[in-house]
Amino acid sequence: MTDQETLYMMALTQVSSLSLTNLHLLVEEIGSATAVYENRHAAKDLLPAASQNTCAAIAAMDSYLQRAAQELDFCRKSGIRCLGLTDEDYPQRLRDCPDAPVLLYSMGTADLNARHVVSMVGTRQITSYGKDLCRSFVADLKSLCPDALVVSGLAYGVDVHCHRAALEDGLPTVGVLAHGLDQIYPRMHRETAKQMVGQGGLLTEYMSGTAIDKRNFVQRNRIVAGMADAVVVVESAAKGGSLITADIALSYNRQVWAFPGRIYDTYSSGCNQLIFSNKASLLTDAKDFCLAMGWTDDMQHRQMLAEEGIQQELFVDYTPEEQRILKALSQSDGVQINVLSVETDVPVSQLSSLLFTLEMKGAVQMLVGGKYKLKR
């Protein structure tokens, strides 16, 4: 997209009386924002259904050019790419959505049209269970599908934990913001955002100087949903932004997945309801997710299962008590010590000592919240 086209596109997006639907129609019918500007005084001919106020606003596009020029200069100085709907680097999956932004601001190295893209969303009040799910899912995704792109919203809770897990495991990750790229909200995530620019990126439809507004966060959710192949809900209460994102994803014919939780856990109720109502597929691990999504084939899946079988055979090098513990842990992605005590019939006092020994041998690892799992 040329600087001139970008300038006029920025001007058009500032016309508040021009709905996104009409903006799409204008650009598609006329062919470019430049053509709209050149014919701005004939807006009624270009868009017969437009109101008198809208036509007057388009005719007054000149009044938006100064602000657009300032934004274009800011983007040049800040290394921000401006992506129009017809640009090759514009997220193609998002382009197919009827309410896709006509202009995006992008910073970073990520391929927004990566072969595999998954958006991960959830509550801001993440629990230790949710943190473990973020870490284990992203780590397994990296080994199964190393070209995957992880997308979220850089918010508190699930969002930032997914971004950080991706950074730790070497997967590119993109944060979709509800404001301009001149700031990071929340501010405490600035360091994570800086890392993401070098291993993924930041994306927004908003110009610099945009105020933090609750409505923009809801609008942002459609980008999170639209640019991915699938949306994974990690944890959610009965109401929340992640459920809105899931509904948007379904309207875009995206696949929605949710991790189940205990029926009395507040931040699993939304996920459980999504699964119960058949809005989301039940998600337990990255292996089944990748297989169902077609990101790995049956042969790869059988090979993974075979490798797990080999790992189980290695248990013969341990004492009978240790084998019992390892077998129990192999059935789960994380178990509390008191639950493990019941499953193995080993007293907690003895179990603590055995688990410590197994940690030293590199067979198990302790997770946040006092849970244990096999070290893969």
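Strand 10 and strand 12 (residues 371-374) form an antiparallel pair over 2 bridges. In this pairing, Val335 lies opposite Tyr372 of strand 12. The model described here is predicted.

The sheet is open, has 3 strands in the order 10-12-11, and its pairing is antiparallel.

## Strands 4 and 5

Strand 4 (residues 148-152) pairs with strand 5 in the parallel sense, over 3 bridges. Ser152 is placed opposite Gly175 in strand 5.

The residues of strand 5 (residues 173-176) point in two directions: Thr173 and Gly175 one way, Val174 and Val176 the other. All four of these residues are buried.

## Helix 8 against helix 14

The axes of helix 8 (residues 128-144) and helix 14 (residues 286-293) come within 9 Å and cross at roughly 50°. Helix 8 and helix 14 are therefore oblique to each other. The crossing of helix 8 past helix 14 is right-handed.

On the helix 8 side, the contact is made by Phe137, Asp140, Leu141 and Leu144; on the helix 14 side, by Ala286, Lys287, Phe289 and Cys290. Of the residues in this contact, 6 are nonpolar and 2 are charged, with no polar ones.

How values were computed: Residues are numbered from 1 along each chain as its sequence is written. This is a predicted model: local features need pLDDT of at least 70, side-chain atom pairs count only at pLDDT 80 or more; totals for chains, interfaces and linings use all residues. Side-chain values use heavy atoms; hydrogens and water are left out. Axes are lines fitted to C-alpha atoms, for helices over the stretch in contact, and angles run from 0 to 180 degrees between N-to-C directions. Helices (H or I, at least four residues) and strands (E, at least two) are DSSP runs, numbered from the N terminus. Angles under 35 degrees count as roughly parallel, over 145 as roughly antiparallel, 65 to 115 as roughly perpendicular and the rest as oblique. A crossing is left-handed if the near helix is turned anticlockwise from the far one by less than a right angle, and right-handed if clockwise. Contact means heavy atoms within 4.5 Å. Ala, Val, Leu, Ile, Met, Phe, Trp, Tyr, Cys and Pro count as nonpolar, Asp, Glu, Lys and Arg as charged, and the others, Gly among them, as polar. Buried means under 20% relative accessible area, exposed over 50%, partly exposed in between (1.4 Å probe, protein chains only). Two strands pair if DSSP finds at least two bridges between them.
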